[in-house]
Amino acid sequence: MKLSFKLFSINIFLVIILVFSSCEDVITVKLDSGKPLITIDAFVNSLRKPQEIRLTFGTDYFSTIENPPIKGASVLIKDLTSNETFTFTEVGNTSGAYTFQPTPSQTLGIVGRKYELQIKYQSNYYTSQCLVNRSVEVLDLDTLKDYRNSTRYALTLVAKDVPGPTSDFYWIRGYRNDTVKNTFNLAWDAAGGPGADGFPFTPPIAQGLINESGAGGNRSKPIFKGNTYRVEIHSINRQAYDFITQMQRQVQNTGLFATTPENIRSNITRVTGEQVVGWFCLSYVTVKEKKF
């Protein structure tokens, strides 16, 4: 998940009454530019593939440029049980990416263990901790009648939430041929909220894996024959669930009835240095892949 933080500082006391004015009038409101914040995108997981953490400077809210990268930082994650450290190396490009490739003898993201993110950049030092929660076994991927339309079929996740003693939270991602096709599919136990502990995933979750039209734009054929589909279930906690939900609202907050943007929450602690925004989450991931 790639995050893009836009910073804005609005210090305006403005009451405008437009009566009998031309629709062609242009009103320009100047927004003050705040000092760029350091932003940290640290969603990593247990998969044995390159893990990435991105460090950038935030830009003004209405800016159209990419966030400038932060170079020369020290980035690592520490297993607080074994004291093993996992060092992320600067890629050297312009994205602000730092990566880590697990070796066969290394396991990042053991369920039940707590990990600490440590980032140092010049005089800035930031930390954050995350407990790795359990995920669920994906039993199968199937094509079943779409619960929203009985005349079409949908790619369907066959899995069941692990019962009690506490609620589980999942971030479910669907792919077609390694291309992500759904970013915001969240589950609280087996549904979109409390009350479904230990149940199979409800249709809105189980069939919310792929967001795309079928061949020729025909939504009655959401499965492309001959393609490989993959589902990943990332374990998260309640705080990460709320954070991603907030991000979803911000991304979809457009149109005539858009609301005032809200400050994005952060679980990164500033030990020394400049203010920071961002999120650290370490997930245990279960995967199912199937060719149709």
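In this predicted model, N177 is found in the loop between β12 and β13, the latter spanning residues 179-182. N177 is not a glycine, yet has a positive phi of about 50°. With a relative accessibility of 38%, N177 counts as partly exposed. A positive phi, of about 55°, is also assigned to D189, likewise not a glycine. D189 is placed in the loop between β14 (186-188) and α1 (203-206) and, at 3% relative accessibility, is buried. Most residues other than glycine have a negative phi, and most peptide bonds are trans. The peptide bond from G164 to P165 is cis, with omega near -5°. P165 sits in the loop that connects β11 (149-159) with β12 (169-176).

The loop between β12 and β13 also holds D178, the partner of R230 from strand β15 (residues 228-236); the pair therefore ties together parts that are 52 residues apart in sequence. R230 is buried, at a relative accessible area of 12%, whereas D178 is exposed, at 59%. Both residues belong to a network of salt bridges that also links E232 and E289.

Nine salt bridges are found in the whole structure. Side chains of opposite charge can pair when their charged atoms come close. One of these salt bridges is formed by K290 and D140, with 3.3 Å between the closest N and O atoms. K290 lies in strand β18 (residues 285-291) and D140 in strand β10 (residues 138-146), so this pair ties together parts that are 150 residues apart in sequence. K290 is partly exposed, with a relative accessible area of 28%, and D140 is partly exposed as well, with 26%. A further salt bridge joins the side chains of D146 and R148 at 3.0 Å, N to O. Here D146 is buried, with a relative accessible area of 4%, while R148 is partly exposed, with 46%.

An open sheet is formed by nine strands with mixed pairing, in the order β16-β9-β8-β5-β6-β7-β3-β2-β17. Its edge strands, each pairing on one side only, are β16 (269-272) and β17 (276-283). Direction ignored, neighbouring strands of the sheet are turned by 20° against each other on average. Strand β2 (residues 38-45) runs parallel to β17 and is joined to that strand by eight bridges. F43 has C281 of β17 as its bridge partner. Helix α2 (residues 238-251) packs on the sheet and touches β2 and β17, its direction making about 125° with that of β17. Strand β2 also contains T39, which is buried, with a relative accessible area of 3%. The side chains of T39 and T56 are joined by a polar contact of 2.5 Å.

The structure holds zero disulfides. The cysteine sulfur closest to that of C281 belongs to C130; the separation is 4.7 Å, and the two are therefore too far apart for a bond, given that a disulfide requires sulfur atoms within 2.5 Å. Both cysteines are buried: C281 has a relative accessibility of 1% and C130 one of 4%.

Methods
Residues numbered from 1 in each chain as written. Predicted model: local features only at pLDDT ≥ 70, side-chain atom pairs only at ≥ 80, totals over all residues. Heavy atoms only, no water. Pairing = 2+ DSSP bridges. Helix = DSSP H or I, 4+ residues; strand = E, 2+ residues; numbered from the N terminus. Axes fitted to C-alpha atoms, helices over the stretch in contact; angles between N-to-C directions. Contact = heavy atoms within 4.5 Å. Buried < 20%, exposed > 50% of the residue type's maximum accessible area, 1.4 Å probe, protein only. Polar contact = N/O pair within 3.5 Å; in protein donor to acceptor, adjacent residues only side chain to side chain. Salt bridge = Lys/Arg side-chain N within 4 Å of Asp/Glu carboxyl O.
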